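Subject: Structure for you to look through

Hello,

Please find the structure below, followed by notes on what turned up in it. Keep the 3D view open while you read.

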Amino acid sequence: METDELILNMGPVHPSTHGVLRFRLRMDGEIIKNCEIVMGYLHRGTEKLGEMKTYLQFIPYTDRLDYISAMPNNYAYVKAVEELAGIEVPQRAEYIRVMIMELNRIVNHIVSIGSLLMDLGAATMIMWGFRERETALQLFEQLCGARMTFNYIKPGGVREDLPEGFIPKLREWMKDMEKRLVDYEQLINDNEIFHMRMKDIGTISAQEAINYGLTGPSLRGSGVDYDMRKIEPYSIYPDIDFKACTRPEGDSYARYIVRIDEIKESLQILRQVIDSMPEGKIVSNAKYGIAPMTGSPSSVMTYFPRIFTPHAGEVYSRIEAPKGELGFYIVSDGTTKPYRVKIRSPSFCNLTAIPKMVQGLRIPDLIAAFGTIDVVLGDVDR
Amino acid sequence: MEKGGIRLDPVTIDTTKIKTIKRRPVTAIDKLEDTGMISTILAAREREGLILFSTIDQVFNWARLSSLWPVTSGLACCAIEMMATAMAHHDIARFGMEIFRASPRQADLMFVAGTVTKRMAPRVKKLYEMMAEPKWVIAVGACASTGGPYHESYSVLKGVDNIIPVDVYVPGCPPRPEAFLYAVIQLREKIKNEGYGAKWGLNK
């Protein structure tokens, strides 16, 4: 029997729980023959705005790239600026940064798993995930006054010291999270429907994944041991005992399991960081010779200049964000504003592998595979 | 219509005959009485045919504001807080709004949650036009209200009110879930006073 090809548009208004994106699918009956990604519906011109703002003014915009895990975005940009300007960071600030980034990684993964399950039609997990997220956001709010868009990490350190009673509350949250994680796994891991939807769906081999430039849990789900925290250790990660979680299968289920394992590893990292949190300054002032702020409640609290001019030059700095490798390329011409800011965002690169993953599958499988690579459209379109 | 029934074709409205019972609304029936609905229906039966647009409006408005169904039109960061509002902790179901519809045909409220880029603007407008009347719009966050932090950007619309009418603006970047709920309460207040009767000051 002769059949016609059908062009099917999915989107751009929320094809799933991930944002504004359009898939143009060429269908042969139920089978996807070709998938074309049409993006740019959330292009906000962030990189151009980077050239119009001073180095400190741009930090809030990095919050809004990957808005589920804003803290690693802050850090990636600030790390690039610090490398550009040669700013040293006190040890306590580094510990606080890593602590808060790992907390944000857990939040990102539980939201990711929750929305994946909701796309598959199970509403329980997103309710549970957002319950833990809400309590974690209360911690963030206590720390820097914001729930999602933090603007907390600054060149030379962090903005505020830990508030009183933060560490005990974080410990309590971690203890709670460990219990909840058991619940998650009991709910999802051995669920037969979940297995049928996820196993051997959206498979991508290790070599293909590398060719497509996948990073983060999506790459580690294909068995490639590639974690920026191990390969190019930054901050205090060399002192911390943890492992990069990998799975060999390369299918949607493997990527999901990697995320669950990463939550456990992040809890492990958090525990170590809290136990060895040093005392001291939270903002460096050695380089610029700035005296502590007069009349400040704490003698360790200092400020960092709002406007500074790094030397002319360029820098590319990358970190392991929850979604993959996040890099900032900054060119400075010796003025108060960057000459160029280029963002290598993990979601954008990971998204390009979708057409390869879903070829020959059905539409519900596209949603499942799309859920497991965990993109955020603010990060894709920038 | 036979004697004792309510005549449905509109006749002259005698506003001096409207009786309203001033009482604090407790249950749904009490609310109906509060709007003067029951007493006026009884009065209409007695006098044979007094149709009051105002009371119909009030019943309609009460029904409309009690179960607003939003369309899932999350665009950017604010959409995550919109999801958080819908989840267990903040629980928008308290306002009869937990059913986020994927189709604009089934929805009567649109949260424009996030940055409206120039590329997305025609789609947002189309989405609004596809919704059935009556419909309301809440512009959530600084971006949807004015362009917000992206006001200087070349690709961002300076406020969604350039393309569609907005009923409630919510400040914040992104607004907290409490702000979402406050916006919903404000919208309910607005809907309460809509309709033909509102023009003649009969709804109060």
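Predicted model: local features only at pLDDT ≥ 70, side-chain atom pairs only at ≥ 80, totals over all residues.

Helices and strands here are DSSP runs, a helix being H or I over at least four residues, numbered from the N terminus.

Helix α5 of chain A

For α5(A) that gives 30 Å, and the C-alpha atoms at its ends are 30 Å apart, so the two agree.

Which residues of α5(A) are buried? They are A:M125, A:I126, A:W128, A:G129, A:F130, A:E132, A:R133, A:A136, A:L137, A:F140 and A:L143. An α-helix has 3.6 residues a turn, so residues three or four places apart point the same way. The buried residues of α5(A) pack against α4 (91-120) and α6 (166-188) of chain A, and also against α4 of chain B.

Where the chains touch

The contact between the chains involves 27 residues of chain A and 29 residues of chain B. On the chain A side, α1 (46-52), α2 (59-63) and α5 (124-144) each give at least two residues. The largest share of that side is from α5(A), with five residues. Sorted by class, the chain A side has 15 nonpolar, six polar and six charged residues.

A hairpin in chain A

Strands β6 (residues 313-321) and β7 (residues 324-332) of chain A run antiparallel and are joined by nine bridges. Together β6(A) and β7(A) make a hairpin, with two residues between them. Within this pairing, A:E320 is opposite A:E325 of β7(A).

Chain B

Chain B contains eight helices and four strands. Starting at the N terminus, its elements follow the order α-α-α-β-α-β-α-β-α-β-α-α. Of the 204 residues in chain B, 38% are buried. Taking the contacts in chain B between residues at least 6 apart in sequence, 72% join residues at least 24 apart.

The four strands form an open sheet in the order β1-β2-β3-β4 (chain B), with parallel pairing. B:L109 in β2(B) is the bridge partner of B:P70.

Helix α4 (residues 77-86) of chain B lies across β2 and β3 (136-140) of chain B, at about 130 degrees to β2(B). Helix α7 (residues 177-192) of chain B packs on the sheet and touches β3 and β4 of chain B, with its direction at about 165 degrees to that of β4(B).

The domain assignment divides chain B into domain 1 (15-67 + 194-199) and domain 2 (70-190). Their contact takes five residues from domain 1 and four residues from domain 2 of chain B. The domain 1 side of that contact has one nonpolar, two polar and two charged residues.

Regards

Notes:
Residues numbered from 1 in each chain as written. Chains lettered and ligands numbered in written order. Contact = placed C-beta atoms within 7 Å. Nonpolar A, V, L, I, M, F, W, Y, C, P; charged D, E, K, R; others polar. Buried ≥ 20, exposed ≤ 12 C-beta atoms within 10 Å, placed from the backbone. Pairing = 2+ DSSP bridges. Axes fitted to C-alpha atoms, helices over the stretch in contact; angles between N-to-C directions. Domains from an automatic or database assignment. Expected span 1.5 Å × (residues − 1).
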